[in-house]
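Please look over the sequence and the structure before reading on.

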Amino acid sequence: MIDELIDAVIDREGGYSNHTADRGGATRWGITEAVARANGYVGEMRHFAREAAVPIYRHLYWQRPRYDAVAERAPLTAAELFDTGVNMGPAVATAFLQRALNALNRGARDYPDISLDGRVGPQTLAALDLFLLTRGAGGETVLLKAIEALQGERYLSLAERRPANEAFLYGWLANRLG
């Protein structure tokens, strides 16, 4: 599963970019120069190899945030968290999951509220398990809608707070939601 997700993100992110409005600066395959450097890359970002991006995506955006554990329960949700985490950071993506789970627990009747700590831990996984058990086959679809609603609101907010982000808003909405 993760190999296909990584390929899709790399294909969507494209090759080299250094857009003046992008605070991330130079990127290649969706990996910022800062992330590449933090993972040992020392060359020119224009030459950052696709093969070097794959283990970074696997480690930083799948294994470390524990989306592999989410995938065992809800593979579509894990795929959405991975993509959102790549674009906004795993802590933000995980907080969307946590907020959605809290809002969907019917006033803590189905399971207790969980901390909004941006980490997939035992509480988050237990809440996800109980949510899916309680809501059945359609539960994951509704959870995905809630996560995507939070993501869409954040994109709009980013563009409203920093007009330079309007350069990216259409693409974010077209390529990251749904």
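How many positive and how many negative side chains does the protein chain have, and how far apart do the centres of the two sets lie? There are 20 positive and 22 negative side chains, and the two centres are 4 Å apart. The model is a predicted one. The points below go from the chain as a whole to one helix and then to individual residues.

**Overall architecture**

- The protein chain contains 9 helices and 3 strands.
- Along the sequence, these elements follow the order α-β-β-β-α-α-α-α-α-α-α-α.
- With a radius of gyration of 17 Å, close to the 16 Å that the globule rule gives for 178 residues, the protein chain is as compact as a globular protein of that length.
- Taken along the principal axes, the box filled by the C-alpha atoms is roughly 55 × 35 × 25 Å.

**Burial, contacts and surface**

- Of the 178 residues in the protein chain, 47% are buried.

**Helix α9**

- Helix α9 spans residues 166-176, and its buried residues are Phe168, Leu169, Trp172 and Arg176.
- These buried residues line one face of the helix, because they fall within an arc of 120° when seen down the axis of α9.
- In general, an α-helix has 3.6 residues a turn, so residues three or four places apart point the same way.
- The exposed residues Ala167 and Tyr170 are carried on the face of α9 turned away from its buried side.
- The packing partners of the buried residues of α9 are α1 (2-13), α5 (75-88) and α8 (139-161).

**Thr27 in strand β2**

- Strand β2 covers residues 27-28 and includes Thr27.
- Thr27 counts as buried because its relative accessibility is 10%, where the cut-off for buried is under 20%.
- Leaving aside residues up to four places away in sequence, Thr27 touches Gly15, Tyr16, Ser17, Thr32 and Met45.

- Met1 lies in the segment before α1.
- The relative accessibility of Met1 is 43%, so this residue counts as partly exposed.
- When residues up to four places away in sequence are not counted, Met1 is in contact with Trp62, Ala71, Pro75 and Ala79.
- Met1 and Phe96 are 95 residues apart along the chain, and their C-alpha atoms are separated by 22 Å.

- Most residues other than glycine have a negative phi.
- Arg66 has a positive phi, near 70°, and is not a glycine.
- Arg66 belongs to the loop between α3 (50-63) and α4 (67-73), and its relative accessible area of 33% makes it partly exposed.
- Arg106, likewise not a glycine, has a positive phi of about 50°.
- Arg106 sits in the loop between α6 (90-103) and α7 (122-135), and with a relative accessible area of 36% it is partly exposed.

How values were computed:
Residues numbered from 1 in each chain as written. Predicted model: local features only at pLDDT ≥ 70, side-chain atom pairs only at ≥ 80, totals over all residues. Heavy atoms only, no water. Helix = DSSP H or I, 4+ residues; strand = E, 2+ residues; numbered from the N terminus. Rg over C-alpha atoms; globule rule 2.2 N^0.38 Å. Buried < 20%, exposed > 50% of the residue type's maximum accessible area, 1.4 Å probe, protein only. Lys, Arg positive; Asp, Glu negative; His and termini not counted. Charge placed at Lys NZ, Arg CZ, Asp CG, Glu CD. Arc of directions from axis to C-beta. Contact = heavy atoms within 4.5 Å.
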